[in-house]
Amino acid sequence: TAAAHAAPASKAPADFVALSSVDPSIIQDMRYATKVNFIGRRIDGYREPLCILTRPAAEALHRAQAELLPRGYSLKVYDCYRPQRAVDHFVRWAKDLDDERMKAEFYPRVAKDRLFADGYIAEKSGHSRGSTVDLTIVELGSPSTGAAGGPARPVRPCYAPQGERRPDDSVDMGTGFDCFDTLAHTDDPRIEGVQRANRQFLKGTLAGEGFVNLPEEWWHFTYKPETYPDTYFDFPVAQRSLAAH
Ligand SMILES: C[C@@H](N)C(=O)N[C@H](C)C(=O)O
Ligand SMILES: [Zn+2]
């Protein structure tokens, strides 16, 4: 097997693009640039709430979006290219077993020291290779929720019914984004009816454009073939990291 390459450069290669330059209609709700995520702090390396991807992955999302818009739906991305320093932040956080500030919402039923072993977070992530994306589907016309905004509310598990868990304009996928729980497994048999149909709608639409789903997470997809199948980039998430800047 080919060795994994680290890429320390502070700039992205020329074939990385801002998704908004390829498709401005795809909604962006970049959780790791905010405190609304499983750590509860902004993640290292996310300088701006910006979706960056390799051009082929961005163009494939654009094709998927072109199928969804006439049907009254839009894609919404939660995470795209993820610098290695962000993954290192996840790893550091995971070792601090005393920090469970977001457990009650994001991983109530999984021990913190199992999150990597159970496949919910990776020490070497496909996101750092630039062709992996976390995303959902939004029905056009739904009131935008904005992850970081909204009034204070009681904390509820990410697998609580849609009307009880953290507000999100996503169609009902049965859990929220980054819900580290077996209920987030794409084909979990307890997910039925509209929720199962919504997961299949997302997976089927993206599969048609070359994306492969991670079975542990209904929201996680990798475009194949990857432009950089074994390079883990570390440039920050910022416009100025991109060649066109
Ligand atoms: C952390 C979550 N959003 C995710 O992307 N998990 C996979 C396994 C990864 O870290 O690559
Ligand atoms: Zn992911």
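Helices (H or I, at least four residues) and strands (E, at least two) are DSSP runs numbered from the N terminus, and the expected span of a helix is 1.5 Å times one less than its number of residues. The model is predicted: local features need pLDDT of at least 70, side-chain atom pairs count only at pLDDT 80 or more, and totals for chains, interfaces and linings use all residues. Residues are numbered from 1 along each chain as its sequence is written, while chains are lettered from A and ligands numbered from 1 in the order in which they are written.

**Figure 1. Helix α3 and its buried side.** Helix α3 covers residues 84-95; at 1.5 Å a residue its 12 residues should span 16 Å, and the end C-alpha atoms are 17 Å apart, which agrees. Gln-84, Ala-86, Val-87 and Phe-90 of α3 are buried (20 or more other C-beta atoms within 10 Å of the residue's own; exposed means 12 or fewer, partly exposed in between, with C-beta atoms placed from the backbone). They cover an arc of only 160° around the axis, which puts them on the same side of α3; the arc is that of the directions from the helix axis to the C-beta atoms. The buried residues of α3 pack against β9 (231-233), where contact means C-beta atoms, placed from the backbone, within 7 Å. Arg-92 and Lys-95 are exposed, on the face of α3 turned away from its buried side.

**Figure 2. Helix α2.** The 14 residues of helix α2 (residues 55-68) reach 20 Å from the first C-alpha to the last, close to the 20 Å expected at 1.5 Å a residue. Buried in α2 are Ala-57, Ala-58, Ala-60, Leu-61, Ala-64, Gln-65 and Leu-68. Their arc around the axis is only 160°, which puts them on the same side of α2. An α-helix has 3.6 residues a turn, so residues three or four places apart point the same way.

**Figure 3. Helix α5 and the elements covering it.** Helix α5 (residues 193-207) has 15 residues and an end-to-end C-alpha distance of 21 Å, close to the 21 Å expected at 1.5 Å a residue. Its buried residues are Asn-198, Arg-199, Leu-202 and Leu-206. Seen down the axis of α5, these fall within an arc of 95°, so they line one face of the helix. The cover over the buried residues of α5 includes α2, β6 (132-139), β7 and β8 (217-223). Exposed residues Gly-193 and Gly-204 sit on the face of α5 turned away from its buried side.

**Figure 4. The shell around ligand 1.** The residues around ligand 1 are Asp-79, Tyr-120, Ile-121, Ala-122, Ser-125, Gly-126, His-127, Asp-134, Asp-178, Glu-217 and His-220; a residue is near a molecule if its C-beta atom, placed from the backbone, lies within 6 Å of it. By class, the shell holds three nonpolar, four polar and four charged residues. Ala, Val, Leu, Ile, Met, Phe, Trp, Tyr, Cys and Pro count as nonpolar, Asp, Glu, Lys and Arg as charged, and the others, Gly among them, as polar.

**Figure 5. Asp-134 and Asp-178, two residues of the ligand 1 shell.** Asp-134 is found in strand β6 and is buried, with 23 other C-beta atoms within 10 Å. Leaving aside neighbours within four places in sequence, Asp-134 is in contact with Val-77, Tyr-78, Asp-79, Phe-177, Trp-219 and His-220. Asp-134 and Trp-219 are 85 residues apart in sequence, yet 5.0 Å apart in space, C-alpha to C-alpha. Asp-178 lies in the loop between β6 and α5 and counts as buried, with 25 C-beta neighbours inside 10 Å. Its phi is near 60°, a positive value in a residue other than glycine.

Figure 6. Asn-213 belongs to strand β7 (residues 211-214) and is partly exposed, with 19 other C-beta atoms within 10 Å. Not counting residues up to four places away in sequence, Asn-213 touches Thr-186, Lys-203, His-220 and Phe-221. Asn-213 and Thr-186 are 27 residues apart in sequence and 8.3 Å apart in space, C-alpha to C-alpha. Pro-225 is in the loop between β8 and β9; the peptide bond from Lys-224 to Pro-225 is cis, with omega near 0°.

How values were computed: Contact = placed C-beta atoms within 7 Å.
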